[in-house]
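Dear colleague,

Please find below the structure I am handing over to you, followed by an account of what was found in it.

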Amino acid sequence: MEVLGDDYKVWYDQLNQCIYCQGSLRLAGTEEYAPIVKILEYAIEQLPQKITLNLCQLEFLNSSGINVLSKFVIKVRQKETINITVQGSETIPWQGKSIKNLQRLMPALKLEWS
Amino acid sequence: MAQVFGEFIEDFSDRSEFLVLGFSPSSLPIQTRWKTNGLSADFLGDYVRNFFPGDTSAAQSKQAEVRSAVSFIANELLENAMKYSDKNVGQPINLEVHLFSNRLMFLSKNSLHHDAIADFQTYLQEITTGNIDDIYINQVEKSAANDDAGGSGLGYLTMIMDYKVILGWKFEKTDNNIQVTTMVQLPLS
């Protein structure tokens, strides 16, 4: 499953149960984020034991995108059976500031920095 | 009479280095105009980064941090202005960035839909007086429970929590509409 935009790419690698978000995500609200939300929800519906959210090449994320990822983490938490790891990059400044908020929504969420 | 929420400073611009971008009212659909937000925000980030010279690793990391913060804040301000301005009024959207030694100041100015003002002001009252951490958690949990909710409302909260900004808003009545000026003060540590 993949969504490809002018300057972003989001896909789910089912084999490794990993969702990749890359590029710059600054779409306009719920409607434009819908195809990406579909991928995130598909990943949850598979009820894997673990999910990895790889943001290491996500250069920019607007607040609507932050909302999408926050809701995703809450939905993972609500399943109660899925372990989630979020991978970020120390060289992308917004990630150091904002990714930690996801952990506040789900304290069991594991953060990995590269 | 003007109505102010949060912290709003008047008459400061003569003491700063600044840049102003103006966006003319346009009949283009919002989807087409939306792309210019990212371009403008990144441009402002690159522009401001230039004022933080140096090629040590500490300087480069500072430059990257300033660029990223400016780009995020400018993008959020432009997205808000574009989403909530009243297209029928034909008023341009303005975005200014002022540089001071200890902070950056952003000012965005746009018209507002009459229908949106009451809810917007109630929200501003909440985020300028309440506990931001609690508001953030409540907002996201509420948004997760109600999938078709409109705006995320996370732009200002993210700026306050993650970028330590001080926010202020001024509402003014003009001849034919209400205009809001949003002020964002970003401290430079």
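The buried residues of α5(B) are B:L154, B:G155, B:Y156, B:L157, B:T158, B:M159 and B:I160, where buried means that 20 or more other C-beta atoms, placed from the backbone, lie within 10 Å of the residue's own. The helix is thus mostly covered, with seven of its 10 residues buried. Just after α5(B), B:K164 adopts a positive phi of about 55°. Helices here are DSSP runs of H or I with at least four residues, strands are runs of E with at least two, and both are numbered from the N terminus.

Please note that this is a predicted model, in which local features need pLDDT of at least 70 and side-chain atom pairs count only at pLDDT 80 or more, while totals for chains, interfaces and linings use all residues. Residues are numbered from 1 along each chain as its sequence is written, and chains are lettered from A and ligands numbered from 1 in the order in which they are written.

The largest nonpolar core has 60 residues; such a core is a set of buried Ala, Val, Leu, Ile, Met, Phe, Trp, Tyr and Cys residues joined through C-beta atoms within 7 Å. The members that touch the most others are A:I19, B:V70, B:I73, B:A74, B:L77, B:F106 and B:V184. With nine residues, α2(B) gives the most to this core. Leaving aside residues up to four places away in sequence, B:I73 touches B:F106, B:M159, B:Y163, B:V184 and B:L186, contact being defined by C-beta atoms, placed from the backbone, within 7 Å.

The contact between the chains takes 25 residues from chain B and 21 residues from chain A. On the chain B side, α1 (30–49), α2 (57–84), α4 (132–145) and α5 (154–163) each supply at least two residues. Here α2(B) gives the most, with eight residues.

Chain A contains four helices and six strands, in the order β-β-β-α-β-α-β-α-α-β from the N terminus on. Its C-alpha trace spans about 35 × 25 × 25 Å along the principal axes. Of the 114 residues of chain A, 39% count as buried. Among contacts in chain A between residues at least 6 apart in sequence, 73% join residues at least 24 apart.

Yours sincerely

Note on methods
Contact = placed C-beta atoms within 7 Å. Buried ≥ 20, exposed ≤ 12 C-beta atoms within 10 Å, placed from the backbone.
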